[in-house]
Amino acid sequence: MERLPNPVDYAIPAFVLLVLAEMVVAWAKDRRRYCPRDTLTSLALGLGSTVAGLITGGAVVALGVWLSQFRLFDIGYAWYWFAICFVIDDLAYYVFHRSAHRVRWFWASHVIHHSSQHYNLSTALRQTWTGFISLGFIFRIPLFLIGFPPAMVFFVGGLNLIYQFWIHTEAINRMPRWFESVMNTPSHHRVHHATNPRYLDKNYAGVFIIWDKMFGTFVSERDDERPQYGIVKNLGSFSLLWAATHEWIGIAKDVWSAPGLRNKWNYMVKPPGWSHDGSRDTSEVIKARWEAKQGVHAER
């Protein structure tokens, strides 16, 4: 396999400098944007994610190389193939990201990224430790089968991750209208991280917000409704292990106690918040309740 550098390795110093710069701005304008313990937790979770990636990355690379022998086309390393691969990989990311919010098994790994009640650049570093267990890498399998070289796929995936770093901030309000219409931005991604019923399960894009507009999952940030960050049931702890594993523990408990095989299976593949007896709320239930309440207010 051809070797390409991991662009994230080169971006890490810039990540650190930008986090520090945003801290300075936040302390000067609104210190509530940064909580020292929350920031340290995010940084530690990011470090743990890096270690987990080093442990499991070889297996994912090996899978990509093995799958490439079944490719439909022989695609080279011309610059335009990188551009095409980047766009298709971003679509694959959209599918993964949407699935990570709609399938509890994938959510168990992804929830770590949403577990902070603050929204700043350090939140971008709050990444999963269990991505290999949740099988999130399967969403890139089509790229290998099409014929994009594994090295190219992993390279553009790194670029995608770098792009998503800067959109985790409240320091930027809106970008120019033309940019907001095509690209994912801090405003669009604040919506995604919000727990407000209006914003739940929206704006899954990585780089191009056009995917959300095409597939009906786009919502604009409203000036009259500030996003509230975190998860529907917040952790209430800065424990690293609890942040990284709490949803897996929840799945294990539910599967163990659920009556019947069908319910056990559904606790893994249904949306987060699903329960066999209806005692919990999914995002659909939360949104429906909010919409009904809005209808009552409108009638008044």
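A pocket is understood here as an open set of grid points with protein on both sides within 12 Å along at least five of seven lines, and its lining residues are those with an atom within 4 Å of a point. In the predicted model described here, the second largest pocket is lined by 33 residues, and those lying nearest its centre are Trp107, Val232, Lys233, Glu247 and Gly273. The space within this pocket amounts to about 890 Å³. When the lining residues are sorted by class, twelve are nonpolar, twelve are polar and nine are charged.

The greatest contribution comes from H12, which provides seven residues of the lining.

The packing of H4 against H12 was examined next. The axes of these two helices lie 6 Å apart and form an angle of about 155°; because an angle over 145 degrees counts as roughly antiparallel, H4 is described as roughly antiparallel to H12. The crossing of H4 past H12 is right-handed. On the H4 side the contact involves Arg104, Trp105, Trp107, Ala108, Ser109, Val111 and Ile112, while on the H12 side it involves Ala243, Ala244, His246, Glu247, Trp248, Gly250, Ile251 and Asp254. Nine residues of this contact between H4 and H12 are nonpolar, three are polar and three are charged. Trp107 of H4 and Glu247 of H12 take part in this contact, and both are also listed among the residues nearest the centre of the second largest pocket.

H4 also packs against H10, with an angle of about 120° between the helices and with their axes 11 Å apart, an arrangement that makes H4 oblique to H10. The crossing of this pair is left-handed. Here His110, His113 and His114 of H4 meet His189, His192 and His193 of H10, so that, under the classes used, in which histidine falls among the polar residues, the contact of H4 with H10 has six polar residues, no nonpolar ones and no charged ones.

A further partner of H12 is H13 (residues 261-269), whose axis comes within 8 Å of that of H12 and crosses it at roughly 165°, so that H12 is roughly antiparallel to H13. H12 passes H13 in a right-handed crossing. Ile251, Asp254, Val255 and Trp256 of H12 make this contact together with Lys264, Tyr267 and Met268 of H13, and by class the contact comprises five nonpolar, no polar and two charged residues.

Key
Residues numbered from 1 in each chain as written. Predicted model: local features only at pLDDT ≥ 70, side-chain atom pairs only at ≥ 80, totals over all residues. Heavy atoms only, no water. 1 Å grid on protein atoms, 1.4 Å probe; cavity = no way out; pocket = protein on both sides within 12 Å on 5 of 7 lines; lining within 4 Å. Points joined across faces, edges and corners; volume = space filled by probe spheres on them. Helix = DSSP H or I, 4+ residues; strand = E, 2+ residues; numbered from the N terminus. Axes fitted to C-alpha atoms, helices over the stretch in contact; angles between N-to-C directions. Parallel < 35°, antiparallel > 145°, perpendicular 65-115°, else oblique. Left-handed = near helix turned anticlockwise from the far one by under 90°. Contact = heavy atoms within 4.5 Å.
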